[in-house]
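Here are my notes on this model, in numbered points. Please read them with the coordinates open.

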Amino acid sequence: MKLSGIHLILTYQCTRECEHCFVWGSPFQRGTMALDNVRHVLVQAEELGTVEWIYFEGGEPFLHYPVLLSAIRTAARMGFRVGLVTNCYWATGKPDCTEWLGPLAGLVEELTISSDWYHWEVDLREHVRNACAVAEELGMHTSVSSVVYPGCLESGQEDNALPTVEVPVMYRGRASQELAPEAPTRPWLTFTSCEHEDLRDPGRVHVDPFGNVHVCQGISIGNVSSATLSDICSEYEPDLHPIAGPLLEGGPVELVLRYGLNHGQHYADTCHACYEARVALRGRFPDILVPDQMYGVKRELDPLESLKVG
Ligand code: SF4
């Protein structure tokens, strides 16, 4: 397993609760990386010798701006190429964007703006335009990742000048509950492979605030608080992994059959069938199907408190 990219889930907290969110981002969500933990992962990534890119994402990483800025400075100083994913809630005007993005100039190579234009109000669309304009001025490569909702042929993007990449909904995480019930479905026996992640030889993994190393969000192959990334990568045997193994052999169908799970007759897509099977298996694999955040289990916090609690 040769990693070229590590995606740090800096926080599970977000300003929004998008229906398509894989990680159940929310203002009420717990789990934020401390700077020491970020640096620990960066050192381990450096030791691997193969990692080129570090992406910072969430949740919404700008909610913890001082930590984000310091972590990005460290990653860039260590020679990593840096990418950043945000919903740009902070882009309230171009001068404001310069304040937020200016310190990141020369450090962040790629800025991805996650924007679901069907649910965003007019002023938030303006945020996207502001962020794109200023990021480009500062020399960041910028793209807008826009989720296409079920029944919609296109995202509703109105500004063709923006560098928009439209992506389909994947029905895992919150989308499995919020969007799948209204989506077109296929018979369950047709979901015989994982179509979106290379579980055999993942080129990238996600590391979350609890140290979990995910090959797909919610499927852990180890924890950096108890093992090095190098050991986790070298010891990963995809065919023997209790979740990745069946998925490689026959997709969510094999996961259901292997563990004798109850199942529905139809699912919206492969990720929907996979996610529902994994929810049913959490009790059997409590160290692998983690953390609670990825499965929509959250302890409600007061919104102000939630911005302080890691
Ligand atoms: S099928 Fe499962 S493992 Fe594959 S991308 Fe979808 S949720 Fe992830």
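1. Start with the buried residues of α1. In this predicted model, N37, V38, V41, L42, Q44 and A45 of α1 are buried. Seen down the helix axis, the buried residues fall within an arc of 165°, so they line one face of α1. The face turned away from that buried side carries exposed residues, D36 and E47.

2. What covers the buried residues of α1? The cover includes strands β1 (5–9), β2 (53–57) and β8 (204–207). Helices α2 (65–77) and α6 (229–235) also belong to the cover.

3. Now the geometry of α1. The helix runs over residues 35–48, 14 residues in total. From first C-alpha to last, α1 reaches 20 Å. That is close to the 20 Å expected at 1.5 Å a residue. G49 follows α1, and its phi is positive, near 80°.

4. Next, V82 in strand β3 (residues 81–86). Is V82 buried or exposed? V82 has 22 C-beta neighbours inside 10 Å; the cut-off for buried is 20 or more. V82 therefore counts as buried. Leaving out residues up to four places away in sequence, V82 touches I54, I72, A75, A76, L107, V108 and E109. L104 is 22 residues from V82 in sequence, and their C-alpha atoms are 10.0 Å apart.

5. The ligand site. Which residues are around the ligand? They are R172, C194, H196, E197, C216, L247, T270, C271, C274 and Y275. Helix α8 (residues 270–281) supplies the largest share of this shell, four residues. By class, the shell divides into six nonpolar, two polar and two charged residues.

6. Overall make-up. The protein has nine helices and 11 strands. Of its 310 residues, 44% count as buried. Take the contacts with a separation of 6 or more: residues 24 or more positions apart account for 71% of them.

7. Confidence. The mean pLDDT of the protein is 91. A pLDDT of 70 or more is reached by 90% of the residues. Where is pLDDT under 50? It stays under 50 over residues 305–310. For that stretch the model has 10 contacts beyond four places in sequence. Where pLDDT is low, the predicted coordinates should not be read in detail.

Conventions:
Residues numbered from 1 in each chain as written. Predicted model: local features only at pLDDT ≥ 70, side-chain atom pairs only at ≥ 80, totals over all residues. Helix = DSSP H or I, 4+ residues; strand = E, 2+ residues; numbered from the N terminus. Expected span 1.5 Å × (residues − 1). Buried ≥ 20, exposed ≤ 12 C-beta atoms within 10 Å, placed from the backbone. Arc of directions from axis to C-beta. Contact = placed C-beta atoms within 7 Å. Near = placed C-beta within 6 Å. Nonpolar A, V, L, I, M, F, W, Y, C, P; charged D, E, K, R; others polar. pLDDT = per-residue confidence, 0-100.
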